[in-house]
Amino acid sequence: MNTPLRRLSVVVLVMFLALMGGATWVQYGQAGDLNDDPRNVRTVYRDYGRDRGPIVVAGNEVAHSTPVDTPFGFQRVYSDGPLYAHATGYFSMFQMTGIERASSSVLSGTDDSLLWSRIRSLFTGSQQQGGSVELTLDPAAQEAARDALGDQQGAVVALDPRTGAILAMVSTPSFDPNDLAVHSSAQVNETYNELVADEANPLINRAIGGGLYAPGSVFKLVDAAMLLESGEYDPDSQVPAPAELELPQTSHVIRNPGGGPCTAEDTVTLTYALQQSCNTPFSALAMEFGEDALAEQAEAFGFGRDLDIPMGVTPSRFPDGMDQAQLAMSAIGQYDVRVSPLQMAMVSAAIANDGVLMTPHLIGTERGPNLQVTSSTEPEEFSRPISASTAADLREMMLSVVESGTGTPAQIPNVAVAGKTGTAESGTDAPQHAWFTAFAPAQNPQVAVAVVIEHGGADGDEAYGGRSAGPIARAVIQAVVEQ
């Protein structure tokens, strides 16, 4: 072979290898990106063409797929969509959220747990069906939370303290996932952009994420837990209760709610301080115990820790590197302390469950297309933030809050409710946030709940935790215990 032919053959070989390499890279190396590209209509048709399984609450399908005579094959439908929107999320042409995303492999039938179902479909020639996901939500509690919140911006979370099962998770305002599940890309984009532009942020699940909130006085439960766990204090211990507390190296002064003293005395019992939500005792004691002690107690309750329910939960945070004045403010749930309603429900749940905090979860059971159980959530311990004796002391202290303290609006006839109120400055000129967290029945708890109402809600500048958020917690508790 002469030299020109050899050179030509080398060029042809290189071109052939380049062609094979390019094809291989497109088919394998770029397969994931190409499948995820929203312009890939085949991917959209493939995903919509699956008989996606239902999301179930108390035996009823709150999300399901129905056949349609279009190239998409199936239409996703959400029953009572706004009520469960932040739990189910939505299955859209361009994205998924909530359980639709977290459990997509089960719902679409591609999960490893459904392998035998796919094999059977392959041999029988039948269409592969998705599995079902059963949530732990209690419809009565969910509806009670939604109805009690009404048009106010805020959130409610209710847990079964014995198992960690999430009984209610409501964030307002909500949205209708049906509007994002349509088969028109133009309509989906228009709806999505309107929701994103809405200043009320309806797409954000305030119960577990978003910007979090200053907790105000509900954080005093963490303070009280630290004090009791130290062994230096008990519910009857006398604690300092000045009308004003001057903070070190600053001109700032901490005052009690209403601006006056807790009592005419210079000291009060720890129980009374919690019952009347006095500020100065908890700020003074936090400075005495130090940042590390309070941060350790907060972390034991879950602050700063990652959690999936299975949607990701924004970790609540307790600041570090504080001076004494900042620590004093943090002790009353201000400065840079930020929490989710789920986090405060977890604090109450741990107290209710003898000091054992169970891992919150939203999925109870997963089933295959034949309704056979493929996975079920077993209760799992998250942490032990306090001892059983400390939990018992806190239970009695929280009972006094509702019986004769700041939480009387949460009283329920013949049901012992243990609770704590909170009113938190938002860092703006807007009215304060109103908080309430509680559990009941106190001696045999079935539900722990946390409520937050943004900027006072309907009460505006007149809002405070007991008056504004207490009745909402009461409604949710009644919905659970009266079944």
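1. Strands 18 and 19. In this predicted model, strand 18 covers residues 433-440 and strand 19 covers residues 447-453; the two pair in the antiparallel sense over seven bridges.

2. The buried side of helix 8. Which residues of helix 8 are buried? They are Ala141, Gln142, Ala144, Ala145 and Leu149. These residues cover an arc of only 165° around the axis, which puts them on the same side of helix 8. The buried residues of helix 8 pack against strand 5, strand 6 and strand 19, and also against helix 4 (81-88) and helix 17 (465-481).

3. The ends of helix 8. At the start of helix 8, aspartate 138 has a side-chain oxygen that reaches to within 2.9 Å of the backbone nitrogen of alanine 140. After helix 8 comes glycine 150, with a positive phi near 60°.

4. Another open sheet has six strands in the order 3-2-1-4-14-15, and its pairing is mixed. Its edge strands are strand 3 (74-78) and strand 15 (373-376), each of which pairs on one side only. The twist from one strand to the next averages 25°. Strand 14 (residues 363-367) pairs with strand 15 in the antiparallel sense, over three bridges. Glutamate 366 stands opposite serine 375 in strand 15.

5. Side chains of opposite charge can pair when their charged atoms come close. The structure holds ten salt bridges. One of them joins glutamate 100 to arginine 76, with the closest N and O atoms 2.8 Å apart. This pair links distant parts of the chain: glutamate 100 is in helix 5 (residues 98-102) and arginine 76 is in strand 3, 24 residues apart. Are the two residues buried or exposed? Both glutamate 100 and arginine 76 are buried.

6. Aspartate 160 forms a salt bridge with arginine 162, the closest N and O atoms lying 2.9 Å apart. Aspartate 160 counts as buried because its relative accessibility is 11%, whereas arginine 162, at 42%, counts as partly exposed. Glutamate 244 and arginine 255 form another salt bridge, with 3.1 Å between the closest N and O atoms. Here too the pair links distant parts of the chain, eleven residues apart: glutamate 244 in strand 8 (residues 244-246) and arginine 255 in strand 9 (residues 253-255). Glutamate 244 has 40% relative accessibility and so counts as partly exposed; arginine 255, at 43%, also counts as partly exposed.

7. A network. Salt bridges that share partners join Arg52, Arg76 and Glu100 into one network.

Methods: Residues numbered from 1 in each chain as written. Predicted model: local features only at pLDDT ≥ 70, side-chain atom pairs only at ≥ 80, totals over all residues. Heavy atoms only, no water. Pairing = 2+ DSSP bridges. Helix = DSSP H or I, 4+ residues; strand = E, 2+ residues; numbered from the N terminus. Axes fitted to C-alpha atoms, helices over the stretch in contact; angles between N-to-C directions. Buried < 20%, exposed > 50% of the residue type's maximum accessible area, 1.4 Å probe, protein only. Arc of directions from axis to C-beta. Contact = heavy atoms within 4.5 Å. Polar contact = N/O pair within 3.5 Å; in protein donor to acceptor, adjacent residues only side chain to side chain. Salt bridge = Lys/Arg side-chain N within 4 Å of Asp/Glu carboxyl O.
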